[in-house]
Amino acid sequence: MKVLLSWLREFAPDIDGDPVDLGERLSGLGLAVEEMTITGGGLDGVVLAKVLDLRPHPDADKIQLVDVDAGDGEALQVCCGAFNMSVGDLIPFATIGTVMPNGMEIAQRKMRGEMSNGMCCSGAEIGLGDDHDGILLLTQTANESKLGTPITEVLGIEADVLWDLEVNANRPDAMSVAGVARDLAAGLGVPFTMPTFATERSASAIADLAKVEIIDPTLCGRFMARVLSGVKVGTSPQWIQNRLTALGMRPINSVVDVSNYVMLELGQPNHTYDLAKVPNGHLRVRRAADGETLITLDDVERTLVSSDGVIANGADEVIGLAGVMGGASTEISGSTTDVLLELAWWDPPSVSRTVKRLNLPSEASVRYRRGADYGPNMDRALDRFVSLLAEMGATCASGQIDERGDLPSREPLRVRPAKINSLLGTDLDGDAMAALIEPIGFETARAGDDLDVVIPTWRWDTQTETDVAEEVARMFGYENLVRTVPKGDEPGGLSPYQQDRRLVRETLIGAGLDETFPMPFLAPGDLASAGLPEDGVTLANPLVHEESVLRTSLMPGQLKAIAYNQSHRVERINLFEIGTVFLPPKGTLLPDEHEHLCVALASQAAPRAVEILHVLDEALALPNMQLRAASPAGMHPTRSAEVVVAGKVRGHVGEVDPGVAAAFGVDGRVAWFELDLGALLDGPHGNRKYRRVSKYPSSDIDLAFEVPNSIPAAAVAGSLRKAGGKLLASLELFDTYRGQGVAEGTRSLAFRLRFQADDRTLTDTEVASVRQSCIDMVHKQQKGATLRS
């Protein structure tokens, strides 16, 4: 968006200061200045001239010889590379000695043997627009009697400042000179006033000349129209042309130029119809039907779809694309005398979809897509349009059409100053925030400590509290915000569960076990071979048919790993795995997933698995872990137990059933335990209590009990711990024996007990007493257990 300082001052006369400083203030307001140009200077020596003759250059195809009259009646020969001139045209001409705005000095020189005595100028070369392709023709805007008159006087060019601003998509208000002036005036703390434009009306009533129907209210929120008569399509005033050219738009004719001028000045796109080409002046706003076609102003036939918004005539024939481009059938021409003026508010997403689908951007559609003003500025834009055309002889019918559809809600938005301050790092109260945003059109009212903010009609983009925070930041000044480094979450941290799982892994590795990662897929029949229920989930699209069942236990995978190692003559191997098992679905289509831990010790007996379990118990500080006799599926019927933690079963420990081991080709015993690791770590654990290290000597005793096979060794150990109390420093099962000297159906369990006091050296009497208490407790609690002599 380009703006002129002189144009801004028509809305805020007190805007003053160094152009560079003003540009910095615009950038600080979020309207970054991409380029600043001082216009109207450096044109001394450029005068109005007339083309007298045109002829080819004898030695150059891309240059012609032009004779011009620069006001002294003499024909000056000029070599020129542009070919858009005709004899009689009036043009800007730089005389010898002129220094152009770009610093180039005009001198007499030869070009391919022909003398050139000056330069014919394009619009870009004298600061009027960006057109470098041809010479600026002034035939319709200059008087031949003024030949030799300085071009600044002929064209009314005055020194000015032109800023080229970067306007982001969330700033529809800044797509106009008035919008930029409002922001800059607020930023400088000077008054800003929207002008009013007086218009005279004719006796004709618009109700007799035009009619508008909004068929789809979601497409058009507001449609306003007026009718102008006595319109003469010709050349617009030079001052309008100069401003349009400066802002990058090419003057076309009086009606189109006024339309573009109003859009640039007030940000309100509009469209004009030749009223004679609109039967009865009847317009209908609706969605297109799939397959409808329209020839647009660029003479391209467009095929429409049902999401496109259109304007149709009374016969329901499409004559325009809503908010995008008008149709060729109602275009203003040189014969137009009556104009139907449209000014509407179109739904931004609808316009955006059509523009993207047809790849048909335009100055008007850019403003509609971002959200044009739907409030009083629409009336002001109509008045401005009528007043400018009235200066050229047009008259306006009395009254106006103002049809309504669905407009954005203007319910107050609750804004919390505390929230704004937390976003910006400021310490502003509600009154200070209100003072910042009221000058740019926001209405505020106190609601306790908060503010109720009414969004202006020209800020369709502002819809949330965060949007208001941005406006506060702009007006407060980004440069005034204290720079702080936002504090975020520390990246890469482990959750408590992940930390505990890592502790489990480190503990087992420290105990001499190797971690394995079998695939979670089993062959049909593997669960049965492991003595487990065959209720595994079957995959509909397995990687291979031979592995189509999801595991419900970690046992089959570990037994396969042991068998593979034994086939390679590795007999004694210690393995563990942390992996997911997939139990049958519970009320859903998906399997019930749990993370399990297992330990498999090849060629080893159940006590070794219990030993590793106790190591894990100490590492995790599990509360009251006990082993309870049981015969889990796939386990040895008399050498297995359930693992109970805090009163809940969390897994099982013991030996793999010999038949199961044989089914997987495993030789010898396999000590085993498997725990529901997820449930274990989600439950109570980790509450470690400090125990003082005693400096006094300890006493070790060995006790061997003959115990029925039905009584777990852990039960005997529990009785010993209970009897030993605080004096029992450690307890170890160091031998299990079956054979000669031991009754059938029993085995010998040998325990080493270490007694130690924290505050004294235990006497022989004390050791003997606690020893006897341990023996008595085992006899009492474990029926059938006897002390071996």
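**Notebook: cavity, pockets, strands and helices**

Points are joined across faces, edges and corners, and a volume is the space filled by probe spheres set on them. The model is predicted: local features need pLDDT of at least 70 and side-chain atom pairs pLDDT 80 or more, while totals for chains, interfaces and linings use all residues. Residues are numbered from 1 along each chain as its sequence is written, and side-chain values use heavy atoms, with hydrogens and water left out.

**Entry: the largest cavity**

I noted about 30 Å³ of space in the largest cavity. Its lining residues (those with an atom within 4 Å of a point) are Gly230, Val231, Lys232, Ser254, Leu389, Met392 and Ala394. I sorted this lining into 4 nonpolar, 2 polar and 1 charged residues. Here Ala, Val, Leu, Ile, Met, Phe, Trp, Tyr, Cys and Pro are nonpolar, Asp, Glu, Lys and Arg are charged, and the others, Gly among them, are polar.

**Entry: the second largest pocket**

A pocket is an open set of points with protein on both sides within 12 Å along at least five of seven lines. For the second largest pocket I have a volume of about 960 Å³. It is lined by 45 residues, and those closest to its centre are Met249, Asn260, Met263, Glu363 and Ala364. I then looked up which elements (DSSP runs numbered from the N terminus; helices are H or I of at least four residues, strands E of at least two) contribute to the lining. Helix H6 (254–266), strand S14 (271–274), S19, strand S20 (325–326), S21 and H8 each supply at least two residues. By class, I find 24 nonpolar, 13 polar and 8 charged residues in this lining.

**Entry: strand S13**

I checked how far strand S13 (residues 220–229) is covered: 9 of its 10 residues are buried. Buried means under 20% relative accessible area, exposed over 50%, and partly exposed in between, with a 1.4 Å probe and protein chains only. Next I listed the pairings of S13, where two strands pair if DSSP finds at least two bridges between them.

- S13 runs antiparallel to strand S21 (residues 339–346), joined by 8 bridges; Ala225 faces Glu342 there.
- With strand S23 (residues 401–404), S13 has 4 bridges, also in the antiparallel sense; Ala225 stands opposite Ile401.
- With strand S22 (residues 395–398), S13 has 2 antiparallel bridges; Leu228 stands opposite Cys396.

**Entry: helices H7 and H8**

In helix H7 (residues 348–358) I marked Pro348, Ser350, Val351, Ser352, Thr354, Val355 and Leu358 as buried. These pack (contact means heavy atoms within 4.5 Å) against strand S15 (282–287), strand S17 (301–303), strand S18 (309–313), strand S19 (318–321), S21 and helix H8 (363–370). Asn359 follows H7 and has a positive phi near 50 degrees.

In H8 the buried residues include Ala364, Arg367 and Tyr368. I traced the packing of the buried residues of H8 to H6, S21 and H7.

**Entry: a three-stranded sheet**

I also looked at an open sheet of 3 strands, in the order S24-S26-S25, with antiparallel pairing. Strand S24 (413–415) and strand S25 (443–447) are at the edges with a single partner strand each, so one side of each has no neighbour in the sheet. Neighbouring strands of this sheet are turned by 30 degrees against each other on average, direction ignored; axes are lines fitted to C-alpha atoms, for helices over the stretch in contact, and angles run from 0 to 180 degrees between N-to-C directions. S24 is joined to strand S26 (residues 450–454) by 3 bridges, and Arg414 has Asp452 as its bridge partner.

**Entry: single residues**

Lys62 sits in strand S4 (residues 60–69) and is exposed, at 71% relative accessible area. Leaving out residues up to four places away in sequence, I find Lys62 touching Cys80, Gly81 and Phe83. Its C-alpha atom is separated by 63 Å from that of Val453, 391 residues apart along the chain.

I noted two positive phi values in residues other than glycine. Asp316 has phi near 65 degrees, lies in the loop between S18 and S19 and is partly exposed at 32%. Arg569 also has phi near 65 degrees; its loop runs between helix H15 (555–567) and strand S30 (574–583), and Arg569 is exposed at 77%.

Technical notes. On a 1 Å grid over the protein atoms alone, a cavity is a set of points where a 1.4 Å probe fits but cannot get out, and a pocket is an open set with protein on both sides within 12 Å along at least five of seven lines; lining residues have an atom within 4 Å of a point.
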